[in-house]
Amino acid sequence: ALAVAPAATDEFIISDAGVLKRLDASLVGNGKVLQVVQTVKTDTQTISTASLTEISGLTAALTCSSTSNKVLITGQLSVGGTGNDAGYTLYAATTAIGIGDAASSRRRTTFGGGAWLGGSNEQWRVYTIPFCFLYSPSSTSAITYSIKKSDSSTAAVYINRSAADNDSADRQRAISTITVMEVAG
């Protein structure tokens, strides 16, 4: 039994149908989750500005142990609204990540989340938008990951609640999450 994890320069001897072969330890263990950080936002937030706005209280910081490792960013954003086409963008510190291609004046976002499907009941609904992105930071510095609303409209977006939030048993309050995982490269 090994007392410590093997170094990347170590070798293993394996049997391949009776033929002994050497295998570099650096080839073993890729894809292994090394650490997990999660933040859960349970409070509500109203955003009604056309400027780039961070979802408050929904950040997670992670320091990779190697520059070759990656960060898997997953989560869900719960939103309500009655007529917006908000987009949301993942950020690694101040850098937008996982965004769509540039196309004229169109906004480049990670995921969309307009809470307007038509009908008179939209004001009472909360939509949960899942997201997932594998990022290569190439860094061993601490990086804070966040989500920002990216919209050119001042139509209100309601985080973790419906637009009509009156005190009634059929109204919803939800949660939003962000989870970051260091994955061995």
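**Ser176 and the strands around it**

Ser176 counts as buried, with a relative accessibility of 0%, in what is a predicted model. This serine lies in strand S14, which spans residues 176-183, and the side chain of Ser176 makes a polar contact with the side chain of Asn160 at 2.7 Å.

The secondary structure comes to 14 strands and zero helices, and the pattern read along the sequence is accordingly β-β-β-β-β-β-β-β-β-β-β-β-β-β. Of the contacts in the chain with a separation of 6 or more, 76% are between residues 24 or more positions apart. Buried residues make up 37% of the 185 residues, while the accessible surface of the chain comes to about 10000 Å², with 50% of that area belonging to carbon and sulfur atoms.

The cysteines deserve a separate look. A disulfide is a covalent bond between the sulfur atoms of two cysteines, and a search of the whole structure finds zero disulfides. Cys64 is buried, because its relative accessible area of 5% falls under the 20% cut-off, whereas Cys132 counts as exposed, because its relative accessible area of 57% is over 50%.

Definitions and conventions
Residues are numbered from 1 along each chain as its sequence is written. This is a predicted model: local features need pLDDT of at least 70, side-chain atom pairs count only at pLDDT 80 or more; totals for chains, interfaces and linings use all residues. Side-chain values use heavy atoms; hydrogens and water are left out. Helices (H or I, at least four residues) and strands (E, at least two) are DSSP runs, numbered from the N terminus. Buried means under 20% relative accessible area, exposed over 50%, partly exposed in between (1.4 Å probe, protein chains only). Contact means heavy atoms within 4.5 Å. Accessible areas come from the Shrake-Rupley method with a 1.4 Å probe; for residues, only the protein chains shown count as cover. A disulfide is a pair of cysteine sulfur atoms within 2.5 Å. A polar contact is a pair of N or O atoms within 3.5 Å; within protein, one must be able to donate a hydrogen and the other to accept it, and residues adjacent in sequence count only if both atoms are side-chain atoms.
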